[in-house]
Amino acid sequence: KIGPSARPLLNTIDVILDLSKLESGAVRLETDQVQVSGLIEELREAAAPLVASRRKSLLIREKPRLGEGELDPARLHQCLLQLIYNAAKFSRDGRITLTASRAEVNGRDSLVFVVADTGVGVAPEHHERIFEPFTQVESHEGRRFEGSGLGLAFVRRLARLMGGDVRCESELGKGAQFTLWVPAGPDKAKAAA
C-alpha cells in the first residue's frame, strides 16, 4: 500500500520542484541531435508500465520521415510522458493514441505530437485554464480526479521554454486531444541576425 501511494506523491513533488526551477530560470536546455524515432521508442518503453497499471492501451503512430531533431530529448520526453499520464487518468475505456509527425508551425520546422484519449473531455471554456498551476476542473459527472493540477502547467512552461507550445481541443464527454509542438532545430533566422 505504501509503494503505490508514494509514487503519485513523489511525482507531485518532482513536478513542483521542476515548476519552481522553470519560474526561477534555473532550467537550462541540453540540446542534442537525436533520431526522433529512437526518442519515441524510449517513450513507448517508459509509458508501458504506466498505461498497463491503469488498464489502458497506448497506440503510437509515427508519420514517415520524422528524421532527426536538435532539441532537449529529456525535456521533450518529460512533456510527452506527462501528457500520456494525463490521458490515462481521464480515459474512460482505456484508449490513448500518440501521433508523431513533422510539420511547419509558425514558419519553423517542428515536431508535432498529438495525444488523444477517449475520456471525460474538457469544456471549451476551460481549455486555457487547465494549463494554470493547481487548477483542476470537475468532469461533467461532477467528479474531481486525483492529482494536483500541475502536470499540464509544467508541460506548457517546458514546451514554451523549448520554443513550442501545447494546446487542448476537447468537448465534454468526447475525450480530449493535446497537441504539443517543438522546433526540430534552432531558429536559423535568429541565428543569422
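Trainee: Where is the place of Arg65?

Mentor: Arg65 is in the loop between S2 and strand S3 (68–71). Keep in mind that this is a predicted model.

Trainee: Is Arg65 buried or exposed?

Mentor: Arg65 counts as exposed, because its relative accessibility is 74% and the cut-off for exposed is over 50%.

Trainee: What about phi of Arg65?

Mentor: Phi there is near 60 degrees, a positive value in a residue other than glycine. Most residues other than glycine have a negative phi.

Trainee: And Asn106, what is its phi?

Mentor: Asn106 has a positive phi of about 50 degrees, and it is not a glycine. Asn106 is in the loop between S4 and S5. With a relative accessible area of 72%, Asn106 is exposed.

Trainee: Let's zoom out. How many helices and strands does the protein have?

Mentor: There are 5 helices and 7 strands. Along the sequence the pattern reads α-β-α-β-β-α-β-β-α-β-β-α.

Trainee: How many of the residues count as buried?

Mentor: The protein has 193 residues, and 45% of them count as buried. As for contacts between residues at least 6 apart in sequence, 71% join residues at least 24 apart.

Trainee: Now the sheet. What is the order of the strands?

Mentor: S2-S4-S5-S7-S6. This is an open sheet of 5 strands with mixed pairing.

Trainee: Which strands stand at the edges?

Mentor: Strand S2 (57–62) and S6 do. Each has a single partner strand, so one side of each is left without a neighbour in the sheet. The twist averages 20 degrees from one strand to the next.

Trainee: How many bridges join S2 to S4?

Mentor: 6 bridges, and the two strands run parallel. Leu59 stands opposite Thr97 in S4.

Trainee: Which strands does H3 touch when it packs on the sheet?

Mentor: H3 touches S2, S4, S5, S6 and S7. Its direction makes about 180 degrees with that of S7.

Trainee: And H4?

Mentor: H4 also packs on the sheet, touching S6 and S7. The direction of H4 makes about 135 degrees with that of S6.

Trainee: How many residues of H4 are buried?

Mentor: 8 of the 11, so H4 is largely enclosed by the rest of the structure. Among them are Leu152, Phe154, Val155 and Arg156. Just after H4 comes Gly163, with a positive phi of about 90 degrees.

Trainee: Back to H3. How many of its residues are buried?

Mentor: 14 of the 18, so H3 is largely enclosed by the rest of the structure.

Trainee: What span should those 18 residues give?

Mentor: At 1.5 Å a residue, 26 Å. The end C-alpha atoms of H3 are 26 Å apart, which agrees.

Trainee: What sits at the start of H3?

Mentor: A side-chain oxygen of Asp72 reaches to within 3.2 Å of the backbone nitrogen of Ala74.

Trainee: What about Ala88?

Mentor: Ala88 is in helix H3. Ala88 counts as buried because its relative accessibility is 1%, and the cut-off for buried is under 20%. Leaving aside neighbours within four places in sequence, Ala88 is in contact with Arg54, Lys56 and Ile96.

Trainee: How many residues apart along the chain are Ala88 and Ser57?

Mentor: 31 residues apart, with their C-alpha atoms separated by 8.7 Å.

Trainee: New topic, the core. How many residues has the largest nonpolar core?

Mentor: It has 41. Those with the most contacts inside this core are Leu76, Leu80, Leu83, Phe113, Phe178 and Leu180. The elements giving two or more residues to it include helix H2 (36–53), helix H3 (73–90) and strand S7 (176–183).

Trainee: Which element gives the largest share?

Mentor: H3, with 8 residues.

Trainee: You listed Phe178. What is Phe178 in contact with?

Mentor: Leaving aside neighbours within four places in sequence, its contacts include Leu83, Phe113, Ile130, Phe131, Leu152 and Cys168. Asn86 and Arg167 are also in contact with Phe178.

Trainee: Asn86, then. Buried or exposed?

Mentor: Asn86 is buried, with a relative accessible area of 11%. Asn86 lies in helix H3. Not counting residues up to four places away in sequence, Asn86 touches Leu152 and Phe178.

Technical notes:
Residues are numbered from 1 along each chain as its sequence is written. This is a predicted model: local features need pLDDT of at least 70, side-chain atom pairs count only at pLDDT 80 or more; totals for chains, interfaces and linings use all residues. Side-chain values use heavy atoms; hydrogens and water are left out. A nonpolar core is a set of buried Ala, Val, Leu, Ile, Met, Phe, Trp, Tyr and Cys residues joined through side-chain atoms within 4.5 Å. Buried means under 20% relative accessible area, exposed over 50%, partly exposed in between (1.4 Å probe, protein chains only). Helices (H or I, at least four residues) and strands (E, at least two) are DSSP runs, numbered from the N terminus. Contact means heavy atoms within 4.5 Å. The expected span of a helix is 1.5 Å times one less than its number of residues. A polar contact is a pair of N or O atoms within 3.5 Å; within protein, one must be able to donate a hydrogen and the other to accept it, and residues adjacent in sequence count only if both atoms are side-chain atoms. Two strands pair if DSSP finds at least two bridges between them. Axes are lines fitted to C-alpha atoms, for helices over the stretch in contact, and angles run from 0 to 180 degrees between N-to-C directions.
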